[in-house]
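Please look over the sequence and the model below.

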Amino acid sequence: MNHRSAVRAVLAAQRIELPSWAFGNSGTRFKVFAQRGVPRDPYEKMSDAAQVHRYTGIAPLVSLHIPWDAVDDYAALATHAAELGVSIGTINANVFQDNDYMLGSVTNPDPAIRRKATDHLLECVGIMDLTGSRDLKLWFSDGTNYPGQDSLRARQDRLVEALSTVYARLRAEQRMLLVYKLFEPAFYATDVPDWGTAYAHTLRLGPKARVVIDTGHHAPGTNIEFIVAFLLREEKLGAFDFNSRFYADDDLMVGAADPFQLFRIMHEIVAADALRAEAGINFMLDQCHNIEPKIPGQIRSVMNVQEATAKALMVDPSALASAQASGDVLGANAVLMDAYNTDVRPLLCELREEMGLDPDPMAAYGRSGYAEKVVAERVGGRQAGWGA
Ligand code: PSV
Ligand code: MN
């Protein structure tokens, strides 16, 4: 197998998980813009996500967010997904939108509110039992806005108690993925603000707990690929929430703001041979298409991850290793830049044809008439959104 076909084989096996909420209306605190044809329920979200898989061939999983995607019959939703050629992936808990959580959810000073939040997390594990999902993803908006508002230490005690309760409930094949985020909605101290805090909690919990790297959740200038390399080495990297940003947690299309950063991240993944399913890294998107059409936005995002991965697979590992070993600074950097500057689009077109797909997913989706069909069909009802 020559290098090109070996690269195509790796890319054909790539799997990217889509966020159901990317297909609903989204926005900022200033405005959530409504778009025509937006899904009105999780079934229609599944149908839209299946379009992304249909044209890219590598996005067969859809994350659910509870209660945004709450349904009476999760088995029926899973059957609907299967009929569309996709399946339900990660279950996201939501303890950031209830009025009771103003001063925190699992870290709230009030034990009754902590209990309520923990019960929701346990309910989400119950949903995983029904959907067959492996991963529970936990992001806590918990934090404070003013110094002295609450005890930073006591809030960690409360967090540990809740996480341990949920961890104990997990089945052997289930995992807990902990998201960290520097700030927002808390503007003084966030209870899980950075990778170190998340890493320490997952170490304390055990092997079924791993860290999620959301590429929009760091201070400007953070070297995210260092965090990737470190957590991979510790076998504590569980997933990515891919998106991109120019300023804060902008949730823009992955690779749109900084394609070189995405390449550097995928280089660490490839160098650690962590694209394999056995490595247990869940490559998810966590984005909001506030002004652009949502299905094409997801197709473009999947293609951006695919392109960054293909470029990372272009790195010549032996040339890199020998340049690094000999202290050839510019030589080593050149090996990486040559790969990054490689136009991988022709190879990806070949790959799609090999997979029986149109070489141009965006154009193929555009020609399908699906966008016009859902605009015509989805009249009335309440469009899905964040419900914030
Ligand atoms: C918070 O910014 C976050 O990244 C969490 O993962 C939420 O689940 C998601 O965004 C909601 O869009
Ligand atoms: Mn985020």
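Where does ligand 1 sit? Ligand 1 sits in the largest pocket, where sitting in a pocket requires more than half of the molecule's atoms within 2 Å of its grid points. This is a predicted model, in which local features need pLDDT of at least 70, side-chain atom pairs count only at pLDDT 80 or more, and totals for chains, interfaces and linings use all residues. Residues are numbered from 1 along each chain as its sequence is written, chains are lettered from A and ligands numbered from 1 in the order written, and side-chain values use heavy atoms, leaving out hydrogens and water.

**Largest pocket**
- Its volume is about 1,400 Å³ (the space filled by probe spheres set on grid points joined across faces, edges and corners).
- A pocket is an open set of points on a 1 Å grid over the protein atoms alone, where a 1.4 Å probe fits, with protein on both sides within 12 Å along at least five of seven lines; lining residues have an atom within 4 Å of a point.
- The lining has 43 residues, and Gly27, Phe96, Glu184, Asp251 and Trp386 lie nearest the centre.

**Ligand 1**
- Residues around ligand 1 (a heavy atom within 4 Å) include Trp68, Trp139, Lys181 and Asp286.
- Polar side-chain atoms of Asp214 and His217 each lie 3.1 Å from an oxygen atom of ligand 1.
- For Trp21, a side-chain N or O atom is 3.4 Å from an oxygen atom of ligand 1.

**Second largest pocket**
- This pocket holds about 530 Å³ of space.
- Its lining comprises 25 residues, with Arg15, Leu275, Arg276, Ala277 and Ile281 closest to the centre.

Conventions:
A polar contact is a pair of N or O atoms within 3.5 Å; within protein, one must be able to donate a hydrogen and the other to accept it, and residues adjacent in sequence count only if both atoms are side-chain atoms.
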